[in-house]
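Here is a walk through aromatic contacts and strand pairing. Keep the rings in view as you read.

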Amino acid sequence: MVVRPRPGQPTQGLLVWCGTVFPCALGRGGIRAIKREGDGATPLGRMRLIDGWFRHGRLANLRTGLALRRIGPRDGWCDAPGDRNYNRAVTLPYPASCENMQRNDHLYDCCIVLDYNIAPRRRGMGSAIFFHIASDGFRPTEGCVAITPRVMARMLPHLSPRTVIVVSR
């Protein structure tokens, strides 16, 4: 799977998978080789799909080779660089800054964790880089790669921990 920026629109991309091109949303900071927490950039490079999350009853197809767990009201993701659980799943309420995985919108109806800054974790180099559902109009993400629910449902049965997303320029 290869992602390139859409010509003239650095916050949107073209995802090539199995010879087909799909539109995708990228980070509000475009694509950057050196990512920092809060810059809104999608990291340049290769990222393996690890596992993921889903919202019950929101996506038609959840068959996949990835381990997916149902998002609950206490699921969060720490984005505080100084915290020992930076860039890891946490249980809410959590004392440091974190994102609530059970969002009011549909972005995390299916949310795949990418291995960016996971092992080793480098504080301040970016957190919560996911492959998830795009907002209407492919509005920019905070650094993730996002696609439509229909494309996600089509791809899920073919995804596994061996799947790699290559973000290039």
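Arg 103 lies over the face of Tyr 108, 5.0 Å from the ring centre. A charge counts as over a ring if NZ of Lys or CZ of Arg is within 6 Å of the ring centre and within 35 degrees of the ring normal. Arg 69 sits over the face of Trp 53 in this sense, at 3.9 Å from the ring centre.

This is a predicted model: local features need pLDDT of at least 70, side-chain atom pairs count only at pLDDT 80 or more, and totals for chains, interfaces and linings use all residues. Residues are numbered from 1 along each chain as its sequence is written, and side-chain values use heavy atoms, with hydrogens and water left out.

Tyr 108 also belongs to an aromatic cluster, together with Trp 77 and Phe 130. How many aromatic pairs does the structure hold? There are three. Rings of Phe, Tyr and Trp (its six-membered ring) pair if their centres lie within 6.5 Å; planes under 30 degrees apart count as stacked, over 60 as edge-to-face and the rest as tilted. One of the pairs joins Trp 17 and Phe 22. The geometry is tilted, with 6.4 Å centre to centre and 40° between the planes. Trp 17 is buried, at 12% relative accessibility. Phe 22 is buried too, at 7%. Buried means under 20% relative accessible area, exposed over 50%, and partly exposed in between (1.4 Å probe, protein chains only).

Trp 77 and Phe 130 form an edge-to-face pair, 5.2 Å centre to centre with 85° between the planes. Trp 77 lies in strand E8 (residues 75–78) and Phe 130 in strand E12 (residues 130–133), so this pair ties together parts that are 53 residues apart in sequence. Helices (H or I, at least four residues) and strands (E, at least two) are DSSP runs, numbered from the N terminus. Trp 77 is buried at 5% relative accessibility, and Phe 130 is buried at 0%.

Two strands pair if DSSP finds at least two bridges between them. E1 (residues 2–6) and E2 (residues 9–17) run antiparallel, joined by five bridges. Val 3 stands opposite Leu 15 in E2. Two residues lie between the strands of this hairpin, where Gly 8 takes a positive phi near 80°.

E2 also runs antiparallel to E3 (residues 20–25), through six bridges. Here Leu 15 has Phe 22 as its bridge partner in E3. The hairpin of E2 and E3 has two residues between the strands, and Cys 18 takes a positive phi near 50°.
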